[in-house]
Every structure is written in structure tokens, then in C-alpha cells.
Amino acid sequence: MGDPRKLASSLREATFLSAVQLDPIVARKVRPSEKQAAQENAIINGVRTVSTSSYFGCLRILKDLSFQLCQMNELSLDPQTVYESIILRMSRSIAAGDAYLKLKRIIKSSNLSLIRGDDTWSRILPIEVEIFESQGSLQAVVSTMSSFGVVRNAELTGKAEISTSGFLVNIKRPVPIDPWVKFDVIVTERINLSTGDSERIAKVV
């Protein structure tokens with residue numbers, strides 16, 4: 001079927017996989033994403049958060065920063081709304097789920113299927129967040145990394161299925177099904193929090 005290393009290299013070098021346009025985030029409940037963010041190590045405006053700290057944790061730093069930027073720049077935005085908007089965009093599960101829906105239409109083959117990976121696959125770089133005022137508007141750039149894989153369909157037949165969200169389910173053998181190829185995807189969103197305009201890109205790395 002070929003060399004998996006060559007396939008992985010081809011995926012990373014493919015121009016059409018370096019800037020896959022994703023749909024805007026639709027309204028979601030914030031609490032699940034907030035719970036995820038509380039456990040994350042992130043870099044917010046150059047400050048590295050500490051997931052085990054109540055003072056230097058992601059939620060505290062992001063809340064304080066949202067309030068300070070709105071107040072200092074005399075913006076009419078609600079700091080809580082700013083905070084919640086960033087929290088949703090920091091969710092690896094939301095980013096990976098939306099990326100999967102687009103990538104599975106692009107990375108497809110009669111004998112291979114795309115799946116989402118768990119955290120043990122990925123390099124798990126910290127989530128990066130930059131929030132800043134520019135020309136009277138509050139803007140943000142949020143980047144998250146998630147893991148993906150390609151499995152051979154022959155290995156799935158009668159042994160496992162792929163859920164609509166991209167995970168292996170109904171696995172019927174004790175030995176885990178390893179992906180033929182593993183790779184990471186970075187989702188980056190640039191958003192004007194004052195106007196709601198945004199650009200959301202997925203890149204295979």
C-alpha cells in the first residue's frame with residue numbers, strides 16, 4: 001500500500017492542506033469548554049498559564065485580561081462575552097471536531113479512512129492566545145493543536161467503526177487498532193471581537 005512515512009510527508013507538504021477554511025463556530029454551551037480550558041497549559045499574551053494554579057490558571061488570567069482590555073481601551077464590549085468567546089475557541093475538541101468534518105472530505109481513499117486521535121498521539125503544544133486592541137476594535141488570535149490518523153479500512157472491517165465525530169468505536173478486539181499514519185493539525189482563528197468577523201484555518205503539520 002506504500003510507505004506510511006511518505007504519505008505523512010505528502011500530507012504535511014500538500015499546499016491544499018496548509019490552509020483549509022473552516023466554518024465559523026456556532027453557538028455552544030460554554031461550560032464544557034471552560035472545564036477543558038481549566039486543565040490546559042496555554043500561553044496567553046505571552047504569559048504561560050499553570051493548570052494547577054488558581055491564580056496563574058488559564059481561566060483567571062483570561063478573565064482578568066478580558067476585563068482589563070475592555071476597560072483600558074474604553075470598549076463597549078462585555079468582558080464576560082469576550083471571555084466566553086475566547087474559551088470556545090480554545091477548545092481542542094471543538095477545533096478538532098470542526099477540522100475533522102472538513103478534512104475527511106479531502107483526505108479520502110477507497111482503502112483508507114481519517115480518524116481523530118487522543119491526547120497520547122499528539123505533541124500537544126500549548127494553546128496560544130493573543131488578545132489586543134487595534135484601531136478601536138478588540139481582536140484575538142487563537143491556535144490549538146489536535147491529533148489525527150489514517151487507518152486502513154481492511155483493519156476496521158468487523159473489528160471497529162468510525163463514529164460521526166471521527167473516533168474509533170465498537171472496537172471488537174483486545175489489541176488497539178493503530179493508525180497507519182499519524183499527524184497533527186493546528187487550527188488558528190483570527191477574530192475581530194468587536195465586529196464578529198473571523199477567519200478560521202486548519203493546517204496539517
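**Entry 1: cavities**

I searched the whole structure and found one cavity of 30 Å³ or more. A cavity here is a set of points on a 1 Å grid over the protein atoms alone where a 1.4 Å probe fits but cannot get out. The model is predicted: local features need pLDDT of at least 70, side-chain atom pairs count only at pLDDT 80 or more, and totals for chains, interfaces and linings use all residues. Residues are numbered from 1 along each chain as its sequence is written, and side-chain values use heavy atoms, with hydrogens and water left out.

I looked up the volume of the largest cavity: about 40 Å³. Volume is the space filled by probe spheres set on the points.

Which residues line the largest cavity? I listed I25, L88, R89, S91, I94, A95, V142, V187, E189 and R200. Lining residues have an atom within 4 Å of a point. By class I noted six nonpolar, one polar and three charged residues.

**Entry 2: α3 and α4**

Next I took helix α3 (residues 58-72) and helix α4 (residues 79-90). Helices are DSSP runs (H or I, at least four residues), strands likewise (E, at least two). The α3 and α4 axes come within 8 Å and cross at roughly 135°. The crossing is right-handed.

On α3, I found C58, L59, L62, K63, S66, F67 and C70 in the contact (heavy atoms within 4.5 Å). From α4 come P79, V82, Y83, I86, I87 and M90. These contact residues divide into 11 nonpolar, one polar and one charged.

Definitions and conventions. Axes fitted to C-alpha atoms, helices over the stretch in contact; angles between N-to-C directions. Left-handed = near helix turned anticlockwise from the far one by under 90°. Nonpolar A, V, L, I, M, F, W, Y, C, P; charged D, E, K, R; others polar. 1 Å grid on protein atoms, 1.4 Å probe; cavity = no way out; pocket = protein on both sides within 12 Å on 5 of 7 lines; lining within 4 Å.
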